[in-house]
There are 2 protein chains.
Amino acid sequence: MKVDGKNMRPIWFNRDTRTVQVIDQRFLPHQMIIKDLPTVDAVIHAIKEMVVRGAPLIGATGAFGVYVALKENNSRPEDDLWLSGQCDRLRSARPTATNLCWGVDRVQTAVSKASAGDARIQAALDQALAVAEEEAVNCRKIGEFGLELISDIAVQKNGQPVNILTHCNAGWLACIEYGTATAPIYAAFDAGINVHVWVDETRPLNQGARLTAWELGKHGIAHTVITDNAGGHLMQHNLVDLVIVGTDRTTRAGDVANKIGTYLKALAAKDNNIPFYVALPSSTFDWSITDGIADIPIEERDQDEIRYIQGWCKGKITQVLVPPLKSPAANHAFDVTPARLVTGFITERGMCDASEKGIKALFSDKFTTK
Amino acid sequence: MKVDGKNMRPIWFNRDTRTVQVIDQRFLPHQMIIKDLPTVDAVIHAIKEMVVRGAPLIGATGAFGVYVALKENNSRPEDDLWLSGQCDRLRSARPTATNLCWGVDRVQTAVSKASAGDARIQAALDQALAVAEEEAVNCRKIGEFGLELISDIAVQKNGQPVNILTHCNAGWLACIEYGTATAPIYAAFDAGINVHVWVDETRPLNQGARLTAWELGKHGIAHTVITDNAGGHLMQHNLVDLVIVGTDRTTRAGDVANKIGTYLKALAAKDNNIPFYVALPSSTFDWSITDGIADIPIEERDQDEIRYIQGWCKGKITQVLVPPLKSPAANHAFDVTPARLVTGFITERGMCDASEKGIKALFSDKFTTK
């Protein structure tokens with residue numbers, strides 16, 4: 001997507017330096033810092049510390065991680081046991097997004113099928129690039145399908161802005177292009193529809209206020225930052241027409257793990273009869289599980305991500321302590337929204353119900369038996 | 001309540017200097033700053049800028065404001081028209097909490113009944129002190145009634161901590177003593193019950209993280225700060241036994257205006273069969289209205305309260321900008337929780353259902369006809 005007129009993605013392969021590079025999202029919107037990922041340790045650090053974040057991007061980063069592993073240790077490109085260990089390390093960098101395992105698996109499988117030596121390194125790079133490209137294409141398709149949804153509401157609103165609420169950042173920064181939750185919004189805006197986005201700031205790491213607001217602003221889309229507390233009130237007063245969020249892992253029955261707080265917005269949407277959609281590429285489905293609340297591992301992160309808030313002060317990134325120094329905090333990073341609260345899924349193959357039956361109808365080829 | 005061994009209230013009359021003084025809550029928990037309120041302008045500023053906040057304390061501050069008005073202009077203590085204008089200014093300092101009108105009315109009425117001159121000033125002071133004292137007594141009683149609720153859960157939990165979630169600060173800092181939502185918690189702790197409090201940080205002004213965590217910590221009560229997003233997840237996983245919040249205005253039918261985000265917690269409590277109680281002195285009832293969503297005015301505050309977050313950095317209070325400089329924000333300060341989501345009220349006269357019938361049974365003497 002364009003940033004000040006320049007095409008950017010959140011991750012790319014620099015063919016001049018032959019390195020994997022990413023935008024260090026920890027410093028947005030205040031600083032644009034590009035980071036090299038020359039080693040597996042650097043890739044794992046980038047995933048763990050949220051230099052990169054968002055399920056599809058974590059998947060693509062994991063995919064590039066396998067290439068980085070092979071390149072870093074180019075004396076042992078044929079050592080499958082060693083590579084398997086590196087892949088395990090990559091897969092366990094963060095627990096909730098299923099895309100990470102999917103991305104690593106894809107490249108590991110491609111490597112295992114390649115002939116020896118440099119061909120294996122090249123196979124890893126080709127497959128990682130293919131994963132990233134597929135995610136970009138998937139997001140474009142999600143935008144096309146979701147556009148219909150927004151168009152329908154726009155007709156009803158007769159020129160008044162379509163108010164869309166989103167939580168966290170499921171934008172192009174979280175994906176490769178377009179985003180998932182934002183893809184229909186970009187598509188609608190580009191089609192000339194009057195859209196306005198309520199951006200949940202998304203505590204603790206404020207991916208909404210920092211990243212989604214930045215993305216939308218760079219694209220010229222009207223938006224307003226709100227606290228995570230505000231969505232219910234706005235829905236009660238008919239100020240939200242549609243909710244679209246992303247997901248980090250989705251069960252075969254349609255339960256959705258997404259950034260903590262998503263469940264509360266889904267409850268409010270249900271209580272106010274507002275459509276609540278989840279946009280996702282099929283790489284986010286975990287075909288092996290049904291009950292999201294019981295079976296999706298929820299990451300607990302450092303309490304200081306809550307206690308200290310980062311922002312911009314006098315020309316530099318600054319962190320401030322909010323609660324008393326001695327008060328502890330608990331930092332569950334995701335929650336699970338039960339399928340019963342989800343109006344539907346927007347996928348790269350079209351829309352479907354958030355149910356085993358609905359998902360199976362679109363993805364029968366991927367649906368594994370229990 | 002005790003702060004480092006010293007008895008404190010959030011507002012008091014200093015008999016030595018004959019001034020009304022308050023804790024400037026904007027700087028807690030990092031700095032304890034005491035502020036004089038020598039003029040009506042200073043009182044209005046303190047209410048508007050949230051030097052003081054919380055419905056019962058706003059009411060008491062408004063009550064003292066009438067005394068301050070008379071004392072400031074002691075050449076015209078008998079000018080009822082002028083006083084009425086000052087009272088109107090005080091009443092409109094903030095729109096949502098009904099206690100403000102109630103406190104100002106109480107003192108204005110007392111003054112109008114007093115004989116001329118100094119007697120009117122003394123009547124104002126006496127009545128303001130009485131308002132504050134009554135709120136303190138009411139909170140103590142709320143604690144006693146709410147204690148039964150927590151005791152019952154404690155028996156079921158058999159020594160395991162009773163986990164109570166609260167939103168914003170409805171503690172002694174918001175009241176005079178004990179608090180409203182916190183009164184049952186203090187009473188339970190003092191009675192030896194094992195309690196643990198989940199403290200919603202309460203964006204945008206973080207009254208939970210800053211004030212509730214500070215109060216509880218000073219009293220030695222186990223607590224954990226969480227983001228406003230986290231409560232639903234905790235409830236899904238049986239980590240919350242009870243929710244208690246305060247209120248800024250409550251309709252005769254039991255709808256509750258409280259800090260923005262309360263509604264979302266009430267929805268989650270309902271969805272998980274967790275009791276959701278609202279603690280309030282009867283000064284918080286607005287007997288004139290029924291439908292809270294339609295009829296309670298919701299204050300919209302400065303967007304920079306969302307965009308800039310205040311905390312402690314290198315030994316001083318610092319503000320950091322979180323979203324892009326050009327992204328706007330919307331700051332609705334309260335939302336309304338419909339009575340259907342409220343398990344019950346804890347009042348100074350006991351507990352009742354959140355319904356017109358339940359409220360009327362306890363407060364038939366105050367219940368005005370439509």
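1. Helix α2 (residues 55-72) of chain B lies across β3 and β4 of chain B, and its direction is at about 25° to that of β3(B). The model under review is a predicted one.

2. The strands concerned belong to an open sheet of three strands in chain B, ordered β3-β4-β5 and paired antiparallel. The edges are formed by β3 (11-14) and β5 (34-36) of chain B; each has a single partner strand, so one side of each is left without a neighbour in the sheet. On average, and with direction ignored, neighbouring strands of this sheet are turned by 30° against each other.

3. The pairing of β4 (residues 19-23) of chain B with β5(B) is antiparallel and rests on three bridges.

4. Helix α3 (residues 80-91) and helix α4 (residues 99-113) of chain B pack with their axes 9 Å apart and at an angle of about 165°. Angles over 145 degrees count as roughly antiparallel, and α3(B) and α4(B) are therefore described as roughly antiparallel to each other. The crossing of α3(B) past α4(B) is right-handed.

5. On the α3(B) side, this contact is made by Leu83(B), Ser84(B), Cys87(B), Leu90(B) and Arg91(B). The residues contributed by α4(B) are Leu100(B), Cys101(B), Val104(B), Asp105(B), Gln108(B) and Val111(B). Sorted by class, the contact of α3(B) with α4(B) comprises seven nonpolar, two polar and two charged residues.

Key
Residues are numbered from 1 along each chain as its sequence is written. Chains are lettered from A and ligands numbered from 1 in the order in which they are written. This is a predicted model: local features need pLDDT of at least 70, side-chain atom pairs count only at pLDDT 80 or more; totals for chains, interfaces and linings use all residues. Side-chain values use heavy atoms; hydrogens and water are left out. Two strands pair if DSSP finds at least two bridges between them. Helices (H or I, at least four residues) and strands (E, at least two) are DSSP runs, numbered from the N terminus. Axes are lines fitted to C-alpha atoms, for helices over the stretch in contact, and angles run from 0 to 180 degrees between N-to-C directions. Contact means heavy atoms within 4.5 Å. Angles under 35 degrees count as roughly parallel, over 145 as roughly antiparallel, 65 to 115 as roughly perpendicular and the rest as oblique. A crossing is left-handed if the near helix is turned anticlockwise from the far one by less than a right angle, and right-handed if clockwise. Ala, Val, Leu, Ile, Met, Phe, Trp, Tyr, Cys and Pro count as nonpolar, Asp, Glu, Lys and Arg as charged, and the others, Gly among them, as polar.
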